[in-house]
Amino acid sequence: MAASPGGSPAPAVEEPAPQPEAHAREPGSVSAKRGEDRRASRGRLSFCTKVCYGIGGVPNQVASSATAFYLQLFLLDVAQIPAAQVSLVMFGGKVSGAAADPVAGFFISRSRRTGSGRLMPWVLGCTPFIALAYFFLWFLPPFTNLRGLWYMTFYCLFQALATFFQVPYTALTMLLTPSPRERDTITAYRMTMEMAGTLMGATVHGLIVSGAHSPHRCEEAEFPGPVAVSPNATCLYSIAAAVVAVTYPVCSGLLRLGVKEPPDPSAPVSSQDTSFLAGLALTVRHPPYLKLVISFLFISAAVQVEQSYLVLFCTHASRLHDHVQSLVLTILVSAVLSTPLWEWVLQRFGKRTSAFGICMMVPFAILLAAVPTAPVAYVVAFVSGVSIAVSLLLPWSMLPDVVDDFQLQHQHGMETIFYSSYVFFTKLSGAGALGISTLSLEFAGYEAGACKQAEQVVVTLKVLIGAVPTCMILTGLCILMVGPALKVPSQDTSRRLSLRRRTSYSLA
């Protein structure tokens with residue numbers, strides 16, 4: 001009780017002060033009970049709030065799922081851009097999204113609170129622009145010489161706007177409740193809804209554009225070279241883009257209606273005496289955060305590579321082109337269904353133990369590259385979905401604990417800096433992994449739009465689907481497991497942080 005949240009004696013004297021004043025103002029037992037209920041309600045969220053908060057993350061995952069599985073195939077076989085230009089598009093888009101993260105963190109941390117809050121206006125303001133950018137990303141322009149520049153522009157714009165949408169949205173986790181258990185719960189709601197969005201994006205987009213990649217187009221071709229793009233294919237991709245783009249205004253509206261952003265308890269402290277660059281320097285020097293970021297740099301890059309090349313592998317390196325849609329659905333359904341299970345495992349056995357679930361996909365990824373048959377592919381897809389679920393849930397469950405640990409040491413929350421810098425580093429690793437891997441297809445002799453690829457391309461796709469994710473996942477897990485376990489806030493720590501946040505709420 002005598003210990004202060006930040007370890008200094010001065011706050012320990014100040015913190016208990018509001019309680020006697022509250023009793024002085026409300027001497028009756030009924031009024032005191034109402035005050036306690038109001039404070040308790042700030043920590044516990046309603047079911048409607050949790051669901052609406054989870055829905056807010058759906059559109060970005062719907063769009064990201066469609067681009068992860070189908071964008072490379074669209075650029076190579078429909079837009080028929082050379083593999084080298086596709087590599088630049090993928091790399092440039094990811095880098096622009098990564099570069100937008102610290103910029104988003106800077107402007108959001110400097111923004112003033114409005115009637116809708118401090119973070120919510122950023123989410124709502126980006127919605128119409130990101131919907132338009134996503135639609136034109138899948139639009140086939142009438143000119144051919146500058147198509148690479150067209151897709152580079154809109155992919156960079158889409159990634160940057162998605163960052164300005166995602167950073168304030170994820171940072172809301174720290175502000176909605178001071179309870180670590182409630183934050184883990186709403187993170188599970190968010191991840192479950194986002195996995196459902198991932199499933200919806202791949203399913204809807206894949207079903208709409210399935211006719212554009214029918215194997216009959218190659219059977220009807222007279223020559224083994226590139227096949228002309230049919231107008232039907234471009235129309236199908238435009239329809240799919242429009243359907244996905246509509247999810248942004250719909251889900252953002254539900255988020256605004258169901259979630260009320262509370263006052264930011266760390267804003268009065270961090271915004272006055274700590275600049276953005278100084279705060280960024282503090283966060284990257286925090287050891288638990290540094291280990292978390294470095295480990296998931298490799299793990300998230302492995303997941304992105306696995307997603308990006310699955311469709312190309314099934315289309316050109318195996319006889320599984322008729323099973324592409326079913327395999328994608330198997331991965332995503334498995335991930336959605338296993339997310340609540342991983343949340344239970346995370347609560348029951350700890351976050352560090354749960355990390356071993358990520359390596360489940362390692363032997364199966366190698367097996368798929370060695371034996372690319374349909375039964376093996378479906379088993380690999382199911383296990384990969386289970387592993388992807390924990391790889392997505394785990395870092396977002398660990399990050400609030402890191403922020404709490406940092407706040408106890410420095411008395412600065414800086415949630416937006418933590419979240420924006422984490423997304424920055426993971427996107428940067430994904431940009432490098434996807435850019436280099438796509439460039440390897442160019443060196444292997446990938447021919448855009450061709451029905452049959454050279455043997456070197458087949459071998460390259462097998463390496464990208466098997467060996468590359470395996471090495472990245474094992475490297476990331478080794479880094480995560482080295483050294484002491486990531487500190488989870490104790491009951492006493494949670495109580496002191498809750499008291500500090502509640503005091504800040506009452507003063508706001």
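Modeller: Glu 182 is buried, and so is Lys 50, where buried means under 20% relative accessible area, exposed over 50% and partly exposed in between, with a 1.4 Å probe and protein chains only. This is a predicted model, in which local features need pLDDT of at least 70 and side-chain atom pairs count only at pLDDT 80 or more, whereas totals for chains, interfaces and linings use all residues. Residues are numbered from 1 along each chain as its sequence is written, and side-chain values use heavy atoms, with hydrogens and water left out.

Biologist: What makes Glu 182 and Lys 50 a salt bridge?

Modeller: A salt bridge is a side-chain nitrogen of Lys or Arg within 4 Å of a carboxyl oxygen of Asp or Glu. The closest N and O atoms of Glu 182 and Lys 50 are 3.6 Å apart, so the pair meets that definition. Glu 182 belongs to helix H9 (residues 180–209) and Lys 50 to helix H4 (residues 47–56), and the pair links distant parts of the chain, 132 residues apart. Helices are DSSP runs of H or I with at least four residues, strands are runs of E with at least two, and both are numbered from the N terminus.

Biologist: How many salt bridges does a search of the whole structure find?

Modeller: The search finds three. Another of them joins Arg 190 and Glu 194, with the closest N and O atoms 3.1 Å apart. Both residues lie in helix H9, four residues apart, which is about one turn of the helix, and both are buried. Asp 401 and Lys 351 also meet in a salt bridge, at 2.3 Å from N to O. Asp 401 lies in helix H18 (residues 374–410) and Lys 351 in helix H16 (residues 351–354), so this pair ties together parts that are 50 residues apart in sequence. Asp 401 and Lys 351 are both buried. Side chains of opposite charge can pair when their charged atoms come close.

Biologist: Why is Arg 319 called exposed?

Modeller: Its relative accessibility is 80%, and the term applies over 50%, so Arg 319 counts as exposed. Arg 319 lies in the loop between helix H14 (287–317) and helix H15 (324–349). Its C-alpha atom is 7.6 Å from that of Thr 373, although the two are 54 residues apart in sequence.

Biologist: Is Ser 318 buried or exposed?

Modeller: Ser 318 counts as buried, because its relative accessibility is 12%. Ser 318 is also in the loop between H14 and H15. Leaving aside neighbours within four places in sequence, Ser 318 is in contact (heavy atoms within 4.5 Å) with Phe 313 and Pro 372.

Biologist: What makes a set of residues a nonpolar core?

Modeller: The members must be buried Ala, Val, Leu, Ile, Met, Phe, Trp, Tyr or Cys residues, joined through side-chain atoms within 4.5 Å. The largest such core has 136 residues, and Tyr 134 and Trp 138 are among the members that touch the most others. Domain 1 (45–215 + 229–259) and domain 2 (276–507) both give residues to this core, so it lies between them; the domain bounds come from an automatic or database domain assignment.

Biologist: Which residues does Ala 241 touch, not counting those up to four places away in sequence?

Modeller: Ala 241 touches Tyr 134, Phe 135 and Trp 138. Ala 241 is found in helix H11 and is buried, because its relative accessible area is 0%. Ala 241 and Trp 138 are 103 residues apart in sequence and 6.2 Å apart in space, C-alpha to C-alpha.

Biologist: How do you know that Ala 202 is buried?

Modeller: At 0% relative accessibility, Ala 202 falls under the 20% limit and therefore counts as buried. Ala 202 lies in helix H9, and its contacts beyond four places in sequence include Phe 69, Gln 325 and Val 328.
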